[in-house]
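Work through the exercises below with the sequence and the 3D view at hand. Each task is followed by a solution in steps.

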Amino acid sequence: MPFLRPRKPKENRWKDWDQNAQKNGLKNTVYTVNGNEYTGEWRDNKKHANDSRYEGFWKNGMKHGTGKFFFFEKGQLYDGVWIDDIPKCGKMIDFGREDAIDPTLYPIPQLKLRDSTGVLEEARSKYLDGINEKTSQHLITSTT
């Protein structure tokens, strides 16, 4: 005689479908009707920023060399040089500030320096020359 498994009542199936439709974890880009888009993590069907993300070079488990650090919760990005997990030289910009969960009170002001790019590149090259003389680097992307 075959073993028959008891069926689930039909009224409970909508709960399974609803659970499968909920957004949890890392998802692809989601677009809204008004044209906004969000790419990132979800928790309980709500946007959930994963505090930060680093893309760049590492040495001994620490940020070392050029890299970008995304502060998703604040809507800011630091792009610059790191030495032993400490940002040394770079620029901080507002990045997705209007969609950030907890943006800073004031936006980052415009830079009024006459040759800001030249000053930044000069300082950046000094740090990078020191790094290149001392060690080799490994490029890895990580989420913290």
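**Exercise 1.** Decide whether W58 is buried, partly exposed or exposed, and find the angle between the planes of Y54 and W58.

Solution. The model is a predicted one.
Step 1. The relative accessibility of W58 is 13%. Buried means under 20%, so W58 counts as buried.
Step 2. Y54 has a relative accessibility of 0%, so Y54 is buried as well.
Step 3. The rings of Y54 and W58 form an aromatic pair, with centres 5.1 Å apart and planes at 90 degrees. This pair is edge-to-face.

**Exercise 2.** Classify the pair of F69 and W82, and state which strands hold the two residues.

Solution. Step 1. From centre to centre the distance is 5.7 Å, and the planes are 50 degrees apart; the pair of F69 and W82 is tilted.
Step 1. F69 belongs to strand β5 (residues 62-71) and W82 to strand β6. The two residues are 13 residues apart, and their pair links distant parts of the chain.
Step 2. F69 is buried, because its relative accessibility is 10%. W82 is buried too, at 5%.

**Exercise 3.** Find the ring faces over which K63 lies, and the salt-bridge partner of K63.

Solution. Step 1. K63 lies over the face of Y54, 5.7 Å from the ring centre. K63 also lies over the face of W82, where the distance to the ring centre is 5.2 Å.
Step 1. Side chains of opposite charge can pair when their charged atoms come close. K63 forms a salt bridge with D85, and the closest N and O atoms are 3.0 Å apart.
Step 2. K63 counts as buried, because its relative accessibility is 11%. D85, at 32%, counts as partly exposed.

**Exercise 4.** How many salt bridges does the structure hold? Describe those of K74 with D102 and of D79 with R124.

Solution. Step 1. The structure holds five salt bridges.
Step 1. In the salt bridge of K74 and D102, the closest N and O atoms are 3.0 Å apart. K74 sits in the loop between β5 and β6, D102 in the loop between β7 and α2 (116-134), and the pair links distant parts of the chain, 28 residues apart.
Step 2. K74 is partly exposed, with a relative accessible area of 30%. D102 is also partly exposed, at 36%.
Step 3. D79 and R124 meet through their side chains in a salt bridge of 3.6 Å, N to O. D79 is in strand β6 and R124 in helix α2, and these distant parts of the chain are 45 residues apart.
Step 4. R124 is buried, with a relative accessible area of 15%. Salt bridges that share partners join D79, E121 and R124 into one network.

**Exercise 5.** State where Q76 is placed, whether Q76 is buried or exposed, and which residues are in contact with Q76 once neighbours within four places in sequence are left aside.

Solution. Step 1. Q76 is in strand β6.
Step 1. The relative accessibility of Q76 is 10%, so Q76 counts as buried.
Step 2. With neighbours within four places left aside, the contacts of Q76 are F69, F70, F71, M92, I93, D94, F95, T104 and I108.

Key: Residues are numbered from 1 along each chain as its sequence is written. This is a predicted model: local features need pLDDT of at least 70, side-chain atom pairs count only at pLDDT 80 or more; totals for chains, interfaces and linings use all residues. Side-chain values use heavy atoms; hydrogens and water are left out. Helices (H or I, at least four residues) and strands (E, at least two) are DSSP runs, numbered from the N terminus. Buried means under 20% relative accessible area, exposed over 50%, partly exposed in between (1.4 Å probe, protein chains only). Contact means heavy atoms within 4.5 Å. Rings of Phe, Tyr and Trp (its six-membered ring) pair if their centres lie within 6.5 Å; planes under 30 degrees apart count as stacked, over 60 as edge-to-face and the rest as tilted. A charge sits over a ring if NZ of Lys or CZ of Arg is within 6 Å of the ring centre and within 35 degrees of the ring normal. A salt bridge is a side-chain nitrogen of Lys or Arg within 4 Å of a carboxyl oxygen of Asp or Glu.
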